[in-house]
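Hello,

Here is the structure I promised to pass on. My notes follow below it.

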Amino acid sequence: MVDFYSNLHPVVQGVLKGLAVIMVIFPIGGVCSLAERKVSAWIQGRPGPNRAIVPWAAWIPVLGPFLQRLGLFHVMADGGKMLFKEDALPGHVNKFYFVLAPIIAMMPALTTVTAVPFGAYIDAAGRVIPLALAHVDIGMLAVFAVSSLGVYSLILAGWASNSKYPFLGGVRASAQLISYELSMTLSVIPVFLWVNAPGREATLGLDRVVEFQSGMWQGFSAASWGGVWFVFLMPVSAFIFLTALFAETNRQPFDMPESEADLVGGFHTEYGAFKWGLFFVAEYAHMLIGSGVFTLLFLGGWNPLPWIPLAQVVEWLGATNPIVVGILSIAIFLGKVIAMIFFFMWVRWTVPRFRYDQVMEIGWKKLLPLSIGNLLLYAIAIAFIEG
Amino acid sequence: MAIVPLERKPLTFVERTYVPQIMAGLKTTWQHLVRPKETLEYPEQRPAIPTGYRGVPTLVKDPNGREKCVSCQLCEFVCPPKAIRIIPGEIPPDSPHGHVERAPREFEIDMLRCIYCGMCEEVCPEEAIFLQQKYSMTGYTREEMINNKERLYELGGTLPDQHFKWDKKKHAEEAGNGGH
């Protein structure tokens, strides 16, 4: 099977890989909406959606009722509802841009996936080869560049709706993105300063960051640093990145563009049916990719534990088949990403929404100086250690 | 009442970072997440009905199987939303309950109008109408939601009687002291 796949035309390979990733991202986006409902219900002391079931699943003795309690069939019910309900187009909107906005929301969300490595396999020579749709040298920069485009859909939706609340939502979205993009970018620079040396190639690649975090325990020496995840080495960076990630993905406590309490629904007030659903799949896809990048940068990517890299686990298991190793690494990576998404939902029901002026103050007066200070501190420290 | 000015302490540096508060909040929400759920899953689990609960109004019979309502229409007059309609009727003299004044020919309670206030129960001199424990009335049409006499007795059933007022009256009449 591996040989057959390797002999395919590169374009066919690319299409297959792309389809495989979209086939994972899209359903996870859908399941996330259910997970959101379930987690919020549990935190509020409710069982959550647990009624829908399809007949053939009801015939399975134990598994069927379990899946029903888990509310898995509500994904289908929700999706079916979204697809088949009337897709109302308000009369006062700019129709072209109104329809364009949800489409534009999906594009950056699905494009950024190409630059994010999501697993690795070990080739015959014992090297760890990362799995990614495209091995772009500018890795992190590509993710930042494309994912920021997602805000255009919010602005476009707010503007095209030709209505006050969506407009305010769109304005807030753009202001928030600019405020937090700065600290987010500055917070990851120490990571790349640490893992790179002058004259190296692909210095912004995410593969390299994970490779650096794949070290083993080598006694109390500088060499052991490689095994520690960056969340322990650079907690302030991780904290700033995570906070900015909440703001960038418009999650509570930073969901200014949406804030249903003061803006009805913000940018999507005028939207309904499948167009509304697309915004949410895009939001979850952004969360997914944001969590993925956080995992790669700070949580060791596909390495199961600090100082226990993937290669070590594969050696213990004695598995050499690249497919088995690939699936193992993807499972570890996805597990971490799903834990991150759970964290997103957990925070949503813990921290109340910040006021708009508080959001701006946190962004400009707290996080930005903190990230600059953090960068300077690590730059000096790295200069001392390596210089 | 004297006004006591409270001195507000300025927030410490750690408090201003929000982090300890958010951590404490996460702990609280986690405890809620793992705690058993509060929900009563309704159709399968039913709530315990307390005594004195005012459910659907019903008509009851006494232990001898006599319908207690004498169609005095007090409930019809007192009913605030005008949900009750009574058509009075006679009891045939050859019936075992012939000594009772009257009985309703038709008795309808419109459950789309009823507000479950319990005034009919309060006002009834014969203790014939009771708001019992049934709380869920549903139907597909407006007609289904109007309980007629037959349905009201079916819902009400038989309740114990402490007085047997009409039997006592009959015995007194037969004893021949002017019915007292």
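**Around Phe130(B)**

Leaving aside residues up to four places away in sequence, Phe130(B) touches Thr58(B), Val60(B), Glu121(B), Gly156(B) and Leu159(B). Two residues are in contact if their C-beta atoms, placed from the backbone, lie within 7 Å. This is a predicted model, so local features need pLDDT of at least 70 and side-chain atom pairs count only at pLDDT 80 or more, while totals for chains, interfaces and linings use all residues. Residues are numbered from 1 along each chain as its sequence is written, and chains are lettered from A and ligands numbered from 1 in the order in which they are written.

Phe130(B) sits in strand E4 (residues 129-131) of chain B. Strands (E, at least two residues) and helices (H or I, at least four) are DSSP runs, numbered from the N terminus. Is Phe130(B) buried or exposed? Phe130(B) is buried, because 22 other C-beta atoms lie within 10 Å. The cut-offs are 20 or more such atoms within 10 Å for buried, 12 or fewer for exposed, and partly exposed in between, with C-beta atoms placed from the backbone. Met119(B) is 11 residues away along the chain, and its C-alpha atom lies 9.9 Å from that of Phe130(B).

**Two helices in chain A**

Helix H14 (residues 273-298) and helix H16 (residues 322-348) of chain A pack at about 120°, with axes 9 Å apart. Axes are lines fitted to C-alpha atoms, for helices over the stretch in contact, and angles run from 0 to 180 degrees between N-to-C directions. The angle therefore makes H14(A) oblique to H16(A). Under 35 degrees is roughly parallel, over 145 roughly antiparallel, 65 to 115 roughly perpendicular, and the rest oblique.

On the H14(A) side, the contact uses Met287(A), Leu288(A), Ser291(A), Gly292(A), Phe294(A) and Thr295(A). They meet Phe333(A), Lys336(A), Val337(A), Met340(A), Ile341(A) and Phe344(A) in H16(A). By class, the contact has eight nonpolar, three polar and one charged residues. Nonpolar means Ala, Val, Leu, Ile, Met, Phe, Trp, Tyr, Cys and Pro; charged means Asp, Glu, Lys and Arg; the others, Gly among them, are polar.

**Domains of chain A**

Chain A is assigned domain 1 (31-84) and domain 2 (91-386). Such bounds come from an automatic or database domain assignment. The domain centres, taken over C-alpha atoms, are 28 Å apart. Nine residues of domain 1 and 10 residues of domain 2 form the contact. H2(A) gives the most to the domain 1 side, with seven residues.

Best wishes
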